[in-house]
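Please open the structure in the viewer and keep the sequence panel at hand.

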Amino acid sequence: MSQVTAPKNSPKNSPKNNPKNNWGADLFALLKRHEVSFLPFVPDAGHADLIALAQADNDMQPVVLTTEEEGVALASGHWLGGKKSVLLMQSSGVGNTVNMLSMLSNCRFPFVTLVTMRGEFGEFNSWQVPMGRATADVLSAMGLSVHIVTEEDKLIKTIDAALYAAYSSDQQVAVLLSQQLVGRKEW
Amino acid sequence: MLQRREVVSKLNHHRGDALMVTGLGSSSYDLHAAGDDNRNFYLWGAMGGAAMTGLGVAMAQPDKQVIVLTGDGEMLMGIGALATIGVQQPNNLSIIVLDNGHYGETGMQASHTQFGVDLPGIASASGLPVAMSVTNEAELDRLIEAITAQQQGKGGAIFASVKVEAASPERSLPIVDGVEIKNRFRRTLGLQPL
C-alpha cells in the first residue's frame, strides 16, 4: 500500500514544540524585581516559558483571557486597585485591543505589554502578515511608546526600561519581541 | 416594570464600602444621579471593558467588595469577560447588568437580549456561582441580600441581569477627565498619584 508523505517543513506536518527561549527565567526575575505579580495573557508560543513559570509560582497571578482587550481593561482596573501588571499577547491580538487602548491615554494608566511578533520576519503563514505589519503603527497611533527588540542581549534592558517608565511616570509602553528573537514557528 | 434610576439608587444605598465601576452611557449617568462618590469609576468609553476593569480592581483589592454596573449592550460587547471571571472566581465581585433590551445611547435599537439571549444563563454556564434575573422589587431585594452575604464572606461572584424599562431619564453627567476619575478613586484606597 502506497503512503503519501508530506514534504519536510510543510504545514501538512503536525505542529511541533517550538524551541525553548533562553530568556524566560531572566524575564521572570525582572518582573519580580519590579513587583509585577499580575500577568493577563492570551497564550503565544513565544510567551510559553514565562506563562509556565508564572503558573508554577504561588506569588504570580497569570490570568487567561478570551481576547486581548480584556487584558487592557484588567490591567487598568488592577492599577486602580494599586497593583502592577504586564499584558502578554501576540501581534495579531494587538488588533483586538485598539479601542480599549483609549482607556490608557484618557486615564493615563501606566501600562506595559510584551508582544511576540508574527508576520514580520520569516513568516510561513501569510494570514499573519497584515497585522504583523501594522502592529507597531497601531500601537503608536493609540499613543503607546513602542520598542522593538531584535537581539536577545537587549531584551531584559528594554523591558526593564519599559517597566520603569510605566510605573515611575504613568507611561504606556509596548515591547515588541521580533521573530528574529522569538524564532520561526516550526512545523 | 423596574425603573433604572430607582434600582441604582437602591443598590447605591446598600453598597456599604463597595467600590463601583460603571459602563459607558446610561449606567454611568444612573450611578452619578444616585450620588457622586470618589469610589465610583465611571467609564465614558472603552465599551466592553467594565466587567474586566472591575475584575482588575477586585483581584488587586481582595478585601474590598467591587460592584460593576453596566448595560446589556456593554456587557454583550465584552461577553468573554464572564468566561474569564468564571476561571478566576473572585469572591468579592458583582456584575449587575441594567438590561433594557436596547442600545440606549444610539437611538434605542433592539439588543440581543430582546431576542432571547440569556445573560444570566451565560454567566451561570461560565461558572459564576450566583446568576440571577431580577424583574421585580422582591427579586431586587434578593440581589441586595446576595451582595450583603458576599460582604460577609458567603457566596462567590454574583451576576444579575436587572430588567428595567427602556426609558431615557435626563442625563446626569459625571466628570469626563479620566485622570481625575482615576486619581480620586485611588485616593480612597490610600494610593497617591505617581
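Begin by selecting Arg171(B) and Glu105(B), whose side chains meet in a salt bridge at 3.6 Å, N to O; a salt bridge is a side-chain nitrogen of Lys or Arg within 4 Å of a carboxyl oxygen of Asp or Glu. Arg171(B) lies in the loop between β8 and α8 of chain B and Glu105(B) in the loop between β5 and β6 of chain B, so the pair ties together parts that are 66 residues apart in sequence. Helices (H or I, at least four residues) and strands (E, at least two) are DSSP runs, numbered from the N terminus. Glu105(B) is partly exposed, with a relative accessible area of 39%; buried means under 20% relative accessible area, exposed over 50%, and partly exposed in between (1.4 Å probe, protein chains only).

A note on the model is in place here. The model is predicted: local features need pLDDT of at least 70, and side-chain atom pairs count only at pLDDT 80 or more, while totals for chains, interfaces and linings use all residues. Residues are numbered from 1 along each chain as its sequence is written, chains are lettered from A and ligands numbered from 1 in the order in which they are written, and side-chain values use heavy atoms, with hydrogens and water left out.

**Further salt bridges in chain B**

Next, select Lys10(B) together with Glu137(B). These two residues form a salt bridge, with their closest N and O atoms 2.9 Å apart. Lys10(B) belongs to helix α1 (residues 4–13) of chain B and Glu137(B) to helix α7 (residues 137–151) of chain B, so the pair ties together parts that are 127 residues apart in sequence. Lys10(B) is partly exposed at 23% relative accessibility, and Glu137(B) is partly exposed at 40%.

Asp141(B) counts as partly exposed, at 32% relative accessibility.

**The surface of chain B**

Show the surface and select Trp44(B), Leu173(B) and Val176(B). They form a nonpolar patch with about 290 Å² of accessible area together. Patches are made of residues with over 30% relative accessible area and no salt bridge: like charges are joined within 9 Å, nonpolar side chains (Val, Leu, Ile, Met, Phe, Trp, Tyr) within 5 Å. Accessible areas come from the Shrake-Rupley method with a 1.4 Å probe, and for residues only the protein chains shown count as cover. Val176(B) is found in the loop between β8 (158–163) and α8 (178–187) of chain B and is exposed at 56% relative accessibility.

**Two backbone angles**

Most residues other than glycine have a negative phi. Select Met108(B), which is not a glycine but has a positive phi of about 60°. Met108(B) sits in the loop between β5 (102–103) and β6 (109–110) of chain B.

Then move to Asp170(A), where phi is positive at about 55° although the residue is not a glycine. Its place is the loop between α7 and β6 (172–177) of chain A. Is Asp170(A) buried or exposed? Asp170(A) is buried, with a relative accessible area of 9%.

**Chain A**

Colour chain A by secondary structure to display eight helices and six strands. Of the 187 residues in chain A, 50% are buried.

Select Glu70(A) in helix α3 (residues 68–80) of chain A. Glu70(A) is buried yet has no salt bridge, and Lys83(A), the nearest side chain of opposite charge, is 20 Å away. The side chain of Glu70(A) reaches the backbone nitrogen of Ala81(B) at 3.2 Å.

Finish at Gln179(A), in helix α8 (residues 179–182) of chain A. Gln179(A) is buried, with a relative accessible area of 5%. A polar atom of the Gln179(A) side chain lies 3.4 Å from the backbone nitrogen of Gly119(A).

Technical notes:
Lys, Arg positive; Asp, Glu negative; His and termini not counted. Polar contact = N/O pair within 3.5 Å; in protein donor to acceptor, adjacent residues only side chain to side chain.
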